[in-house]
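Please keep the sequence and the 3D view open as you read.

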Amino acid sequence: MADTDVLPNNTSTGLETSGPRGPRPRPMLSRRNIILYGTLIVIAVYYLLPLYVMIVTSLKGMPEIRLGNIFAPPVEVTFQPWVKAWAEACTGLNCDGLSRGFWNSVRITVPSVIISIAIASVNGYALANWRFKGSEIFFTILIFGSFIPYQVMIYPIVIVLRELGVYGSLTGLVIVHTIFGMPILTLLFRNYFVSVPEELFKAARVDGAGFWGIYLRIMLPMSLPIFVVAIILQITGIWNDFLFGVVYTKPDTYPMTVQLNNIVNSVQGVKEYNVNMAATIITGLVPLIVYFLSGKLFVRGIAAGAVKG
Amino acid sequence: MATSDRPFQPFRNLNAKIASIPMILTALVIFIGCTIWTIYYSFTKSKLLPKSNFVGFDQYERLWSTRRWLVSIENLVIYGSLSLIFSLIIGFLLAALLDQKIRFEDTFRTILLYPFALSFIVTGLVWQWILNPDFGVQSVVQGLGWESFSFNPLYDADIVIYGVLIAGLWQGTGLVMCLMLAGLRGIDEDIWKAARVDGIPMWKTYLYIVIPMMRPVFITTIVIITSGIVRVYDLVVAQTGGGPGIASEVPAKYVYDYMFQSQNLGQGFAASSMMLVTVAVIVIPWAYLEFGGKRRG
Amino acid sequence: MEPSISIKNLALSFGALEVLKDLNLEVAQGEFLVLLGSSGCGKSTLLNCIAGLLDVTDGQIFIGGRNVTWQEPSKRGIGMVFQSYALYPQMTVAGNLSFGLKNARLPKAEIEERVNRAAKILQIEPLLKRKPAALSGGQRQRAAIGRALVRDANVFLFDEPLSNLDAKLRADLRVEIKQLHQKLSNTMIYVTHDQIEAMTLADRIAIMRGGLILQLGSPNEIYNKPVNKYVAEFIGSPSMNFFDGQIDDSSSKFSTGAQVFPLEGYGFKEGTSPKGPAWLGIRPEHMVNGAEAEAAPIRMQGKVELVEPLGSDTLARVSAEGHSLWVRLDGQVSISDGDAITIGFDPARANIFDKTTENRL
């Protein structure tokens with residue numbers, strides 16, 4: 001389409017046409033690239049090393065561990081440590097392995113995630129769209145409260161839970177997770193709902209929808225991504241919790257992290273490093289799977305959780 | 001808009017108020033109530049059970065004359081300042097590296113961030129194993145020929161806190177990197193172009209233009225890191241158990257042990273109140289800078 | 001005279017996406033060239049290539065007779081002004097202006113002299129000690145121009161510099177940029193999507209679309225003799241009116257629907273006598289009404305559908321002979337919806353485009 005009349009292709013200005021032409025030469029192996037990618041690869045190896053060590057150690061037999069070094073791949077692959085970690089490892093009097101802790105953690109995490117998100121999303125919605133006198137003050141207390149070290153509040157909460165008759169039970173722990181998940185989740189949902197165009201909310205009100213109607217039929221279907229972010233945040237957070245587990249549950253209901261620590265750091269008996277590492281991987285598996293599957297949403301979650309503290 | 005049937009004030013917006021009950025209860029009962037309760041009982045002689053027999057600042061005096069608490073504070077200061085400095089530097093450098101329009105950026109980011117998805121217990125146990133003197137890094141390096149090589153942080157009281165620091169940085173720098181990367185991505189492309197036209201070398205552009213522009217990101221990151229540091233507990237429990245001896249004790253562990261193991265509640269309350277003071281010293285100036293000028297919250 | 005900027009066979013693609021295709025362009029010393037086009041046409045990309053901020057895929061770029069294809073932006077002898085100003089926020093205006101010079105290790109006295117000179121030209125002397133946050137939009141853009149000015153560059157590149165300003169300020173700064181060009185007389189390349197900016201500022205306009213330059217010419221040429229239907233429609237507001245029809249075998253008549261327009265006075269390209277399907281275009285401001293229309297070679301009876309009084313003139317949408325046409329009338333004319341109206345035009349002011357190639361005939 002270019003009109004050659006107005007765009008003479010060949011000019012007679014006598015410029016050196018044989019000089020540099022096309023893209024600046026940038027060999028793949030330029031010094032910059034070697035340094036850049038070299039550094040990145042070294043760093044990546046460093047970050048991956050612990051994962052690698054965990055896996056290879058968990059696949060070796062104890063004699064091999066005593067002889068070899070921790071970075072060497074297993075000569076003879078054995079899954080025995082995994083079986084033992086899952087079903088036979090002892091903590092105190094129980095010798096039924098991590099499986100008990102795993103199921104406890106599931107029983108803690110699932111209801112905690114559901115209840116904390118349900119409450120916080122409605123909360124955030126009320127704060128974003130139905131402000132009332134004092135709502136912002138409570139929200140401010142909530143956000144600043146999230147900076148208070150848990151250690152300050154754990155003991156009085158023990159008393160509260162005891163009064164409610166749920167101290168030491170899974171229910172008690174679910175309540176605690178719901179409470180301490182509230183600041184970050186409420187913030188997450190409030191900020192999300194604030195970003196929803198206000199006209200939409202007004203239009204729904206004109207159409208006669210009320211508090212719950214707008215929440216269930218308009219806000220909820222629109223905000224699935226933020227729910228996914230919240231779920232990721234809560235699953236990893238609650239699964240990884242140690243402090244609340246150790247304070248608010250009894251040995252029978254210990255979550256996985258507490259049981260793992262008891263298995264590995266128990267002073268009795270011979271240290272079985274391969275079983276320990278297998279147990280460690282199994283414990284880390286759930287958040288890792290969530291992390292690798294969620295990809296960018298996880299990053300969004302922690303960026304949103306940046307105000308947590 | 002008839003004013004005659006305007007509802008009675010407290011019932012206006014009733015559903016929103018009902019929905020906010022959990023938030024209000026949490027804010028008032030847990031965050032304010034429990035905190036005041038703890039501070040109140042930190043002035044008592046409570047042992048096994050909380051009792052209202054006041055002893056003034058006795059618990060605090062005893063706290064500050066207990067060697068274990070002093071070690072804990074010293075560790076917190078060392079661990080905290082180094083962890084803060086290193087995670088900011090490393091996190092920023094990693095973010096700057098990832099910001100060079102590299103290939104496989106997502107892969108590298110995934111690798112650098114995955115430790116953050118893990119529990120501190122898992123992190124502590126892995127690094128306990130890697131730093132194990134008989135099988136870990138020390139023995140591997142010795143096996144390679146450096147017989148005199150010695151790196152045994154977990155059993156050397158002088159350097160044990162650095163062993164914890166290595167693990168903490170491994171887990172936490174990915175988060176800092178992510179926050180920094182988001183900050184870098186928020187910088188106007190045209191600024192970079194202008195700097196190139198001006199002929200400013202890249203490192204100078206970062207140092208004199210980009211980093212000053214990222215001040216808010218740095219402040220937020222510092223607040224996040226520090227309030228995390230004050231709470232550090234799980235990592236120490238898993239990696240060193242506070243040992244060898246009391247060499248790697250931290251305040252959070254001191255609180256737990258006094259409250260739930262030594263049946264000395266008063267000490268636990270006093271120690272946790274001190275932790276609260278530490279956090280307040282950081283958070284209040286930040287909040288004042290961040291929101292003070294405009295409005296609360 | 002040697003051109004100030006010369007671009008030869010420039011091409012740029014991102015993967016499979018071709019953004020610029022075999023593009024050639026010469027800009028004379030002291031010329032004000034405007035790159036005009038809708039978003040995504042490649043105009044900003046071309047500017048970034050000239051600046052060296054984007055690596056080209058093929059072709060060469062010469063500035064001041066020097067092959068700068070592989071040169072760093074700072075070594076090309078250019079100054080650049082950005083849409084978002086791109087001022088360094090934590091430095092004062094003076095700091096912004098001098099940062100590049102300091103970095104080039106110029107003597108202190110010279111830096112000061114240059115900064116003061118630029119500040120004087122742009123009348124930002126009182127602002128030198130302020131930070132960008134304390135400046136208004138117009139002041140910021142002046143400071144950004146100042147940063148380009150102190151570089152003593154022979155070539156100035158502007159990347160939509162006025163887009164972030166409100167209408168009034170935009171008009172003011174437009175005049176200032178024009179005066180600046182008259183004063184400095186260095187080469188300027190200016191990217192915009194605003195045709196008024198283009199028409200008022202440019203010595204020549206390059207209209208771009210799909211990575212190609214469709215037409216390169218003076219504002220007058222572009223307005224009066226657009227090379228194709230796209231350019232004809234792009235320039236002018238409201239857009240040119242088009243009639244879909246046929247040129248007869250003798251190239252002397254154009255028939256559309258039941259109407260036949262004589263084409264006497266229309267200048268077909270020399271030596272050609274086209275025929276067949278074609279578009280005939282006439283700008284709203286070249287349509288006349290009333291007595292003038294009665295005297296025009298081409299006349300139509302119509303009815304006013306819509307009136308848009310603009311004060312200085314009045315736009316009327318007229319339906320005539322099955323066509324819906326925009327007509328620009330005098331501001332004082334009093335017409336209203338539903339009025340009968342006679343409109344007409346002179347074929348000499350029309351533009352005829354081939355139906356298939358859409359090029360001007």
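How much area is buried between chain B and chain A, and what share of it do carbon and sulfur atoms give? About 7900 Å² is buried between the two, with carbon and sulfur atoms giving 77%; buried area is the accessible area (1.4 Å probe) that two parts lose on being put together, summed over both. B:Phe31, B:Trp129 and B:Arg231 supply 10% of what chain B buries against chain A, more than any other three residues.

A word on conventions: this is a predicted model, in which local features need pLDDT of at least 70 and side-chain atom pairs count only at pLDDT 80 or more, while totals for chains, interfaces and linings use all residues. Residues are numbered from 1 along each chain as its sequence is written, chains are lettered from A and ligands numbered from 1 in the order in which they are written, and side-chain values use heavy atoms, with hydrogens and water left out.

**The interface of chains B and A**

Contact (heavy atoms within 4.5 Å) involves the numbers of residues below.

| Chain | Residues in the contact |
|---|---|
| Chain B | 87 residues |
| Chain A | 84 residues |

Across this interface there are 0 salt bridges, a salt bridge being a side-chain nitrogen of Lys or Arg within 4 Å of a carboxyl oxygen of Asp or Glu. Helix α2 (residues 21-41) of chain B brings 13 residues, the largest share of the side that touches chain A; helices (H or I, at least four residues) and strands (E, at least two) are DSSP runs, numbered from the N terminus.

Over all chains, the count of salt bridges comes to 30. In one of them, A:Arg24 pairs with C:Asp55, their closest N and O atoms being 3.3 Å apart. A:Arg24 lies in the segment before α1 (31-58) of chain A and C:Asp55 in the loop between α1 (43-51) and β4 (58-63) of chain C, so the pair joins two chains.

**Backbone details in chain C**

Most residues other than glycine have a negative phi, and most peptide bonds are trans. The bond from C:Ser237 to C:Pro238 is cis, with omega near -5 degrees, and C:Pro238 is found in the loop between α8 (229-234) and β11 (241-247). C:Ser251, not a glycine, has a positive phi of about 60 degrees.
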